[in-house]
Amino acid sequence: MTGLPDPHLSMVQPVVPRTPQGCEDCLRMGTPWLHLRLCLTCGHVGCCDSSPMRHARAHSASDGHPIVRSFEPGEDWRWCFVHEAMV
């Protein structure tokens, strides 16, 4: 049985990473990160939930952009923060 596709996938756009060198907010604040996530609505690069500041999740909540993909080399998965699920 196949589930329905995540309705937030309609918000995915072709994006260019705004700060390909790292987490946009951590770079501005001077804080560390562990892994990076790319917002697939606007190109914001944020740090993961294992990072101290969790900027990818904060960006999703504040800007209403639910879908990110891993911005780590060799990874190509996507995540919906609203549904807490891979998409």
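Predicted model: local features only at pLDDT ≥ 70, side-chain atom pairs only at ≥ 80, totals over all residues.
1. Overall make-up. The chain holds two helices and five strands. Read from the N terminus, the elements run α-β-β-α-β-β-β.

2. Dimensions. Along the principal axes, the C-alpha atoms fill a box of roughly 45 × 30 × 25 Å.

3. Burial and surface. Of the 87 residues, 38% are buried. The chain exposes about 5100 Å², and carbon and sulfur atoms supply 58% of that area.

4. Contacts along the sequence. Take the contacts between residues at least 6 apart in sequence: 47% of them join residues at least 24 apart.

5. Five strands form an open sheet in the order 2-1-3-4-5, with antiparallel pairing. Strand 2 (45–47) and strand 5 (85–86) are the edges, each pairing on one side only. Helix 2 (residues 55–63) packs on this sheet and touches strand 1 (36–39), strand 2 and strand 4. The directions of helix 2 and strand 2 make an angle of about 120 degrees.

6. The strand 4 and strand 5 pair. Strand 4 covers residues 78–80 and runs antiparallel to strand 5, with two bridges joining them. Trp79 stands opposite Met86 of strand 5.

7. Ser51. This residue sits in the loop between strand 2 and helix 2. Is Ser51 buried or exposed? Ser51 counts as buried, because its relative accessibility is 2% and the cut-off is under 20%. Beyond its neighbours within four places in sequence, Ser51 is in contact with Trp33, Leu34 and His35.

Key: Residues numbered from 1 in each chain as written. Heavy atoms only, no water. Pairing = 2+ DSSP bridges. Helix = DSSP H or I, 4+ residues; strand = E, 2+ residues; numbered from the N terminus. Contact = heavy atoms within 4.5 Å. Axes fitted to C-alpha atoms, helices over the stretch in contact; angles between N-to-C directions. Buried < 20%, exposed > 50% of the residue type's maximum accessible area, 1.4 Å probe, protein only. Areas by Shrake-Rupley, 256 points an atom, 1.4 Å probe, with all protein chains shown as cover.
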